[in-house]
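Open the model in your viewer and keep the selection tool at hand. The stops below go one by one, each with something to pick and something to look for.

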Amino acid sequence: LPMIIMYNKDLVPEGQEPKGWYDLLDPKWKGQIAYADPAKSASSYTQLVTMMTAFGLGTEEGWNTIKKFVDNLDGKILSGSALVYQGVADKEFALGVTSEDAALRYVVNGANVGIIYPVEGTSARTDGNSIIKGAKNLKEAQEFIDFISSKDVHDLMSKEFLRRSVRKDTSFEIEGIVKTEDMAVLPYDSQWASDNKDAVIERFNRIVIGAE
């Protein structure tokens, strides 16, 4: 599930689209970036750690860059991730930090929006499924995992839900959209993100209120 920058083509002149995460710091975008509160949105937290990875994960330089990003939000931090892609599509914001599948729904349905895959790279986390240890219905659980991991289901997910598959025999081809093998991917540290979530959210909130 890649994290991307979505933009409204009516508000962003052709050729002036940001190319990556650092471009979101440009003063010309101040107050025009849709971003959800990472304390309330899991995908937004992933986006925050993704940007931190590009800027310098866990470093003061990285945090100083996040401060610049927050300043460019101009106090407009949204309460939910759905408000990001809706806000960009409705021309409330020129840009939005969101997930690929959310933006693609607007692209394939003809909205005048575009997708930017940051030049610094993006995260591409996978959804996980598991069987509870000691499950009473182990056989059925195994059959279910086999079912949702099958080519038929992954083909359906790619076609109907615009999700990239981890299966190499499932194609994901949408005109103008970067192929999976051509996407620049950052080394997203899921363990670090999980272990440090409370501290990251706390510091982010301090930055938002101007305590840092």
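**Stop one: strand 4**

Select strand 4, residues 113–116: Val113 and Ile115 point one way, Gly114 and Ile116 point the other way, and all are buried. Buried means under 20% relative accessible area, exposed means over 50%, and partly exposed lies in between (1.4 Å probe, protein chains only). Helices (H or I, at least four residues) and strands (E, at least two) are DSSP runs, numbered from the N terminus. In a regular strand the side chains alternate between the two faces of the sheet.

Two notes before moving on. This is a predicted model, in which local features need pLDDT of at least 70 and side-chain atom pairs count only at pLDDT 80 or more, while totals for chains, interfaces and linings use all residues. Residues are numbered from 1 along each chain as its sequence is written, and side-chain values use heavy atoms, with hydrogens and water left out.

Two strands pair if DSSP finds at least two bridges between them.

Strand 1 and strand 4 pair in the antiparallel sense, over 4 bridges. Pick tyrosine 7: its bridge partner in strand 4 is glycine 114. At the other pairing, strand 2 and strand 3 run in the parallel sense over 2 bridges. Pick isoleucine 33, and find its bridge partner in strand 3, leucine 95.

**Stop three: the largest nonpolar core**

Stay on leucine 95. Which residues does leucine 95 contact, leaving aside its neighbours within four places in sequence? They are Ile5, Met6, Tyr7, Val12, Pro18, Leu24, Trp29, Gln32, Ile33, Ala34 and Val88. Contact means heavy atoms within 4.5 Å.

Next, select Leu24, Ile66, Phe69 and Leu95. Of the 31 residues in the largest nonpolar core, these touch the most other members. Such a core is a set of buried Ala, Val, Leu, Ile, Met, Phe, Trp, Tyr and Cys residues joined through side-chain atoms within 4.5 Å. Two or more residues each come from strand 1 (3–8), helix 1 (42–55), helix 2 (60–73), strand 3 (95–99) and helix 8 (197–208). Helix 1 gives the most, with 6 residues. Apart from this core lies another, of 19 residues, including Ala102, Ala103, Leu104 and Ile115.

**Stop four: serine 44**

Go to serine 44, in helix 1. Is serine 44 buried or exposed? Serine 44 is buried, because its relative accessible area is 0%. Beyond its neighbours within four places in sequence, serine 44 is in contact with Tyr35, Ala36, Asp37 and Pro38.

**Stop five: two loop residues**

Most residues other than glycine have a negative phi. Select aspartate 74, in the loop between helix 2 and helix 3 (82–89). Its phi is near 60°, a positive value. Aspartate 74 is partly exposed, with a relative accessible area of 45%.

Then select lysine 91, in the loop between helix 3 and strand 3. The phi of lysine 91 is also positive, near 65°. Lysine 91 is partly exposed, at 46% relative accessible area.
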